[in-house]
Amino acid sequence: MQVAIETTEGLERRLTIDVPAEQIDIKVEKRIQEASKTIRINGFRKGKVPLKVIKQHYGPGIRQEILGDVINHSFEEAIAKESVKPAGQPNIEIKQFEEGKPLQYTATFEVYPTIELSSLEGFQVTRQTAEVTDADVEEMLETLRDQRATFNKVERPAQMDDQVVIDFKGRKDGELFDGGSAEGHTLVLGSKNMIPGFEEGIVGMAIGEVKTIALTFPEDYHSEDLKGAETEFDITLHSVSEKVRPEIDEAFIAQFGIKGGDVESFKKDVRDNMERELALAARSKVKKQVMDKLLEDHNIDIPSALIANEVQALREQMIQQFGGAANNKNLDFKSLLPDDMFSEEAKRRVSLGLIITEVVKTNEMKPDAQKVQALIEEVAASYPNPEMIHNYYKQNPQLMASAESSALEDQVVELILAKADITDVTTNYKEIVKKDA
């Protein structure tokens with residue numbers, strides 16, 4: 001077999017592979033002999049058809065059948081011979097495939113980049129620390145009450161926290177604009193689901209009242225036509241419902257899967273969960289700083305095939321939030337969730353994956369069994385039946401591989417933190433657990 005390799009552009013490589021006709025003929029003859037045992041042709045008994053006749057009838061089809069096998073095997077031999085590692089499936093182009101002549105084809109693909117690690121020492125890292133206070137727990141309890149609140153209709157003007165039913169029409173330059181009108185719209189005042197000033201403008205309105213309010217759309221609004229636009233909204237208030245928060249009693253506690261629990265025990269469970277969330281968020285913020293620095297220090301070429309795979313993985317994760325593709329068969333997810341939505345995050349993930357893999361390889365690191373177990377326990381602790389989650393991981397090699405990969409990431413972070421310049425800053429629970437913009 002003859003192999004020639006060339007660099008076309010960047011990470012792209014092209015292999016030109018010639019497979020001797022003899023190798024293909026041997027495979028064809030073997031396949032014909034195997035077929036002769038079962039093939040039926042009029043005028044011959046089963047298993048008694050001459051090989052020459054079978055070849056005349058089925059030779060071209062059999063040659064085509066073995067083409068895929070020949071290409072797969074020869075491609076594997078070729079990349080081993082040339083010591084290249086494809087990142088994704090190759091694009092195969094057949095140049096010649098005639099009886100009695102060598103098979104010739106080209107395989108075009110991208111390879112993984114060569115990464116030269118920069119120094120992993122002296123990273124500047126800020127590590128936030130905090131404690132869960134009694135006030136934090138009480139605020140969380142109020143949040144839980146809010147989440148399970150009900151609404152009772154009242155006959156008074158609207159107030160913040162009320163649920164209202166409204167009609168509204170939005171105008172820009174005196175004309176109605178797309179998406180600016182609705183009838184029978186339900187809205188909780190203070191939810192910040194509308195543009196600034198809209199919900200505040202409803203406060204004080206009486207049932208049946210019609211009011212016009214002037215509002216300016218934010219400069220960062222998602223619609224180009226409405227960014228910073230001066231508008232007016234005609235609002236009609238149909239009903240007002242007052243928020244009723246449940247008491248923290250046995251029935252309320254039971255909604256969290258805790259039967260017969262008293263208030264103090266429930267508060268302890270809430271505090272324990274908050275402390276786990278706090279520890280996880282603090283570690284996550286430190287890890288993000290390390291990862292950001294790794295990206296800053298390593299400008300690498302990324303195989304487009306890996307980015308495409310990661311984009312698809314991110315899209316599938318979001319599809320699950322729609323209830324899964326099986327429950328939304330009529331939706332065109334490719335159009336609803338275009339590649340551009342995920343491309344930046346995909347590039348970040350792929351880049352970090354390649355860099356971390358190089359750090360692991362250079363430092364001959366392996367997943368720490370105790371760290372893997374700790375990660376699984378962390379996940380299991382958020383479920384009512386932790387033991388079931390433990391067993392699920394043990395029986396699922398893919399999940400275990402994911403846990404091992406996460407453990408290795410954490411080990412890389414620890415390796416870098418051991419050489420980093422760390423500044424500890426005392427703050428509060430809310431500051432640490434809040435999502436970064």
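Reader: Where is Thr108 found?

Author: Thr108 is found in strand 4, residues 103-110. Strands are DSSP runs of E, at least two residues long; helices are runs of H or I, at least four; both are numbered from the N terminus. This is a predicted model, where local features need pLDDT of at least 70 and side-chain atom pairs count only at pLDDT 80 or more, while totals for chains, interfaces and linings use all residues. Residues are numbered from 1 along each chain as its sequence is written, and side-chain values use heavy atoms, with hydrogens and water left out.

Reader: Why does Thr108 count as buried?

Author: Buried means under 20% relative accessible area, exposed over 50%, and partly exposed in between, with a 1.4 Å probe and protein chains only. Thr108 has 15%, so it counts as buried.

Reader: Which residues does Thr108 touch?

Author: Contact means heavy atoms within 4.5 Å. Leaving aside residues up to four places away in sequence, Thr108 touches Glu12, Arg13, Arg14, Pro90 and Asn91.

Reader: What makes Ala158 buried, and where is its place?

Author: Its place is in the loop between strand 6 (150-154) and strand 7 (163-172). Its relative accessible area is 2%, so Ala158 is buried. Its contacts include Val164, Leu189, Ile202 and Leu237. The C-alpha atom of Val263, 105 residues away along the chain, is separated from that of Ala158 by 33 Å.

Reader: Asp161 is in the loop between strand 6 and strand 7 too. Is Asp161 buried, partly exposed or exposed?

Author: Asp161 has a relative accessible area of 34%, so it is partly exposed. Its phi is positive, about 85°, although Asp161 is not a glycine.

Reader: Why does Glu364 count as exposed?

Author: Its relative accessibility is 71%, so Glu364 counts as exposed. Glu364 sits in the loop between helix 9 and helix 10. Phi of Glu364 is near 50°, a positive value in a residue other than glycine.

Reader: What makes a set of residues a nonpolar core?

Author: The set consists of buried Ala, Val, Leu, Ile, Met, Phe, Trp, Tyr and Cys residues joined through side-chain atoms within 4.5 Å. The largest such core here has 25 residues. Phe123, Val125, Val290, Leu294, Val412, Ile416 and Leu417 have the most contacts inside it. Helix 6 (263-297), helix 9 (343-362) and helix 12 (397-417) each supply at least two residues of this core. Helix 9 gives the largest share, 7 residues. Apart from this core lies another of 22 residues, among them Ile17, Ile66, Ile71 and Phe97.

Reader: How do you know the orientation of helix 6 and helix 9?

Author: Axes are lines fitted to C-alpha atoms, for helices over the stretch in contact; angles run from 0 to 180 degrees between N-to-C directions. Helix 6 and helix 9 pack at about 85°, with axes 10 Å apart. Angles under 35 degrees count as roughly parallel, over 145 as roughly antiparallel, 65 to 115 as roughly perpendicular, and the rest as oblique. Helix 6 and helix 9 are therefore roughly perpendicular. Leu294 and Leu295 of helix 6 are among the residues making the contact, as are Leu352 and Ile355 of helix 9. By class, the contact has 6 nonpolar, 1 polar and 3 charged residues. Here Ala, Val, Leu, Ile, Met, Phe, Trp, Tyr, Cys and Pro count as nonpolar, Asp, Glu, Lys and Arg as charged, and the others, Gly among them, as polar.

Reader: What makes helix 10 and helix 11 oblique?

Author: The axes of helix 10 (residues 369-380) and helix 11 (residues 386-395) come within 9 Å and cross at roughly 135°. Helix 10 and helix 11 are therefore oblique to each other. Ile376 and Val379 of helix 10 take part in the contact, as do Ile389 and Tyr393 of helix 11. The contact residues divide into 6 nonpolar, 2 polar and 1 charged.

Reader: How does helix 10 lie relative to helix 12?

Author: Helix 10 and helix 12 pack at an angle of about 115°, with their axes 9 Å apart. That makes helix 10 roughly perpendicular to helix 12. Among the contact residues are Val372 and Leu375 of helix 10 and Met400 and Ala403 of helix 12. By class, the contact has 6 nonpolar, 2 polar and 4 charged residues.
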